[in-house]
Amino acid sequence: MPQILIKLLAHLQADDLGMPELAALVAKDAGMTGKILTVANSSAYHRNSRQPNLEQAMVALGTDMIKTLVISDSVFQTFNSFPNSSATDLRAFWKNSLTAAVLARETARRMNYAQPEEAYLAGLLHNVGRLALLATAPKEYAFNFTARDDEDLCAVEQRTLQITHAEAGAWLIERWQLDSFLADSVLYHHEPSERLEAAHPLIRIVRVAHVLACHAHDDALVDEARALCGLGPEAPDELLGLAARQVEKAAIHLGIDLAGADDLPVPAAFAPPPPVDPVQQRLSEEVRNLVLVSEVGQTFARQQGESGLLEAMTRSARILFDFENAVVLLENPTGQALIGAPTANQQRIAEFTVPLAKGGAVAQAALDRRLGFIRRDGRPLGLAEEQLLRMLGTESLVCLPLVAGARCLGVMIGGVATWQLPTCQKRERFLQAFGAQAAGALETAMSERGHARRQLAHVAEEYREASRRVVHEVNNPLAIIKNYLSVLDSKLERQEPVSAELSILNEEIDRVGQLVGSLTEIQPGVATSMVDSAPAADVARVVDDVLRLFRTTNFIPANVEIVVSMADAESRIEGDPDILKQILVNLVKNAIEALSGSGGRIEIANRGHVNRERRLYLELVVSDTGPGLSREVLANLFSAVKSTKEGPHHGLGLSIVHSLVKKLNGHIACRSGTTGTSFEILLPAHAGAGAPATLPVRALGSV
């Protein structure tokens, strides 16, 4: 089914198809655009000047005519794609289809049915099953294709083909997966009217259209049908007159020659014995083989993993070629031998090897990429061939190379009786087509296996990197715990209160547990955002918590001063406060280390709100008056590189800071020069936060 028709139906069902949407839809189909322009500039619509562009042409035609053209031309594209359609006179078929379509649409409008275009399409398609049967069985159905469409035709179809054209049409439309009662309207268009009294309106509409198009002379049948849709006695004649005019006009616009369609003979249905034509029989066999190979290819594509695919390949080969048994030998990674591929029914083959350089019929079939036929006829066979004959328990072998592109992946060995070899040789093209499908599926499975291995290696590397980061981060709270234990020891010796220190120790121990536990929550390859589900964090409170960790320990030398400049209490951000705490601990620790020799000043400042790309952020700055960073260090600042610091686990700190800022959906930048270094962080402001006023600078002083 053409995509333009599927999209048109979707718009019609959603009831949102105006001229702009219709123009956009038509513009995507070059063939339909040309059709619209041709009709708009024809004598029926052309007035004073030609319509050079699509939009003007569509305005000239009007919405109803455009819908008719799109639906009709799309369906006739589908009709013309059926096998044997070009060799058959379809004029009477097309006229009947157009007539039923117009009758269905006009009946739908008189019933106030919500979707008259759907009714038009249903009328066009109500006999598509006849084309399907002609395509499937051209010899058996060619005569009956031209027969009168009635119950007698259905009976002959059922007797000769075991399916009626109504059933075939419904099956075909169901394959198109149209969300509608279209399939049912096609399936039941031959049902007696009394059975359809409570049916869906579309089913009743198509029944009326069919009766008027094919049996207008049967007054009793027409009266029963029109009653289904509440039409008056005069309606059939009015509808038929309207249909005659519209069908002629539509045929001209669609480029369909209906001249002489009424003069074609309309025989009664019968089932003549098909003549035996060897050429046609061979052609039918080739077509059937192609269909089988296509279906086999779909079966292969649905298999999961190589083992399932190999099972499907050997099972399909036994069915299609009457192999008593079958095994697959695959080329090894070095390309020097064929190795047995085990299946559930043939495990011993895994230990079987055929060196390609040693010759033999099996190896030669793989090297030449040609079918090989091996039989016991008294002549000596290679050891590999004798083993395979015993393993498969047969008299002869068929060696089918599995060729994908320019590469032979291996061979399939089928065991057959000797009397079957001539039949297999006659089916050489079928065997080769089967081998190509199997090889293509096998190549895809092998590629997926390699991709899975690479993906697994990537996941393992991500876990290793995550573990390194966690180890680095755990060092911070462990160092704080170690320092607080020494503070705790001295305070206990002086019998001073230690509740504050114990509280901090509890917090840091919990933090260590969270960091270690985060290893179990890592999802490699998936970037997780903390903003959507995390609570708001109060920046001032987090800064106080960080400074409290450093304040009473030996982390801050006496010659280092920390100054804090905070905005008001409304300066909150969206995100997890623990993540912000990790960021600040890393940055403050780095700043202290930068000033540890010469001393200096560290400032933590909230510079208020910043609008970046129409989103509100809070700017937080951590700066120091240290010697600054070299150009080389600054260029790779946020990469996980080896640091010149002493001790293990160095070189990851700022990389971790960068990733944590990204988790909060923020941005980080660094400025550095001879007067010091500053890290400027933009973090998403909490929803509803106003522009804060800056508070006076508060100095914590030297520690």
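The following exercises, each with a worked solution, concern the predicted model shown above.

Residues are numbered from 1 along each chain as its sequence is written, and side-chain values use heavy atoms, with hydrogens and water left out. Because the model is predicted, local features need pLDDT of at least 70 and side-chain atom pairs count only at pLDDT 80 or more, whereas totals for chains, interfaces and linings use all residues.

**Exercise 1. The chain as a whole**

Task: State how many helices and strands the protein chain has, and what share of its residues is buried.

Solution. Step 1: Helices (H or I, at least four residues) and strands (E, at least two) are taken as DSSP runs, numbered from the N terminus. The protein chain has 26 helices and 14 strands.

Step 1: A residue is buried under 20% relative accessible area, exposed over 50% and partly exposed in between (1.4 Å probe, protein chains only). Of the 703 residues in the protein chain, 46% are buried.

Step 2: Accessible areas come from the Shrake-Rupley method with a 1.4 Å probe, and for residues only the protein chains shown count as cover. The protein chain exposes about 35,200 Å², of which carbon and sulfur atoms supply 52%.

Step 3: A contact means heavy atoms within 4.5 Å. Among contacts between residues at least 6 apart in sequence, 67% join residues at least 24 apart.

**Exercise 2. Salt bridges**

Task: Determine how many salt bridges the model contains, and describe the pair Glu 106 and Arg 109.

Solution. Step 1: A salt bridge is a side-chain nitrogen of Lys or Arg within 4 Å of a carboxyl oxygen of Asp or Glu. By this rule, the count comes to 7 salt bridges. Side chains of opposite charge can pair when their charged atoms come close.

Step 1: In the salt bridge between Glu 106 and Arg 109, the closest N and O atoms are 3.2 Å apart. Because these residues are 3 residues apart in helix H6 (residues 91-110), Glu 106 and Arg 109 are separated by about one helical turn. Glu 106 counts as buried at 11% relative accessibility, while Arg 109 is partly exposed at 33%.

Step 2: For Asp 223 and Arg 226, another salt bridge, the closest N and O atoms are 3.1 Å apart. Both residues lie in helix H14, 3 residues apart, about one turn of the helix. Asp 223 is partly exposed, with a relative accessible area of 38%, and Arg 226 is buried, with 18%. Elsewhere, salt bridges that share partners join Arg 105, Glu 106 and Arg 109 into one network.

Step 3: Arg 195 forms a salt bridge with Glu 191, with the closest N and O atoms 2.6 Å apart. Arg 195 is exposed, at a relative accessible area of 59%.

**Exercise 3. Surface patches**

Step 1: Leu 283 lies in helix H16 (residues 278-301) and is partly exposed, at 47% relative accessibility.

Step 2: Asp 218 sits in the loop between helix H13 (201-214) and helix H14 (219-228), and is partly exposed at 32%.

**Exercise 4. Positive phi angles**

Task: Locate Gln 162 and Glu 613 in the chain and give the phi value of each.

Solution. Step 1: Most residues other than glycine have a negative phi.

Step 1: Gln 162 has a positive phi, near 60 degrees. Gln 162 lies in the loop between helix H10 (151-161) and helix H11 (165-175), where it is exposed at 56% relative accessible area.

Step 2: Glu 613 has a positive phi of about 50 degrees. Glu 613 lies in the loop between strand E10 (600-612) and strand E11 (615-624), and counts as exposed at 72%.
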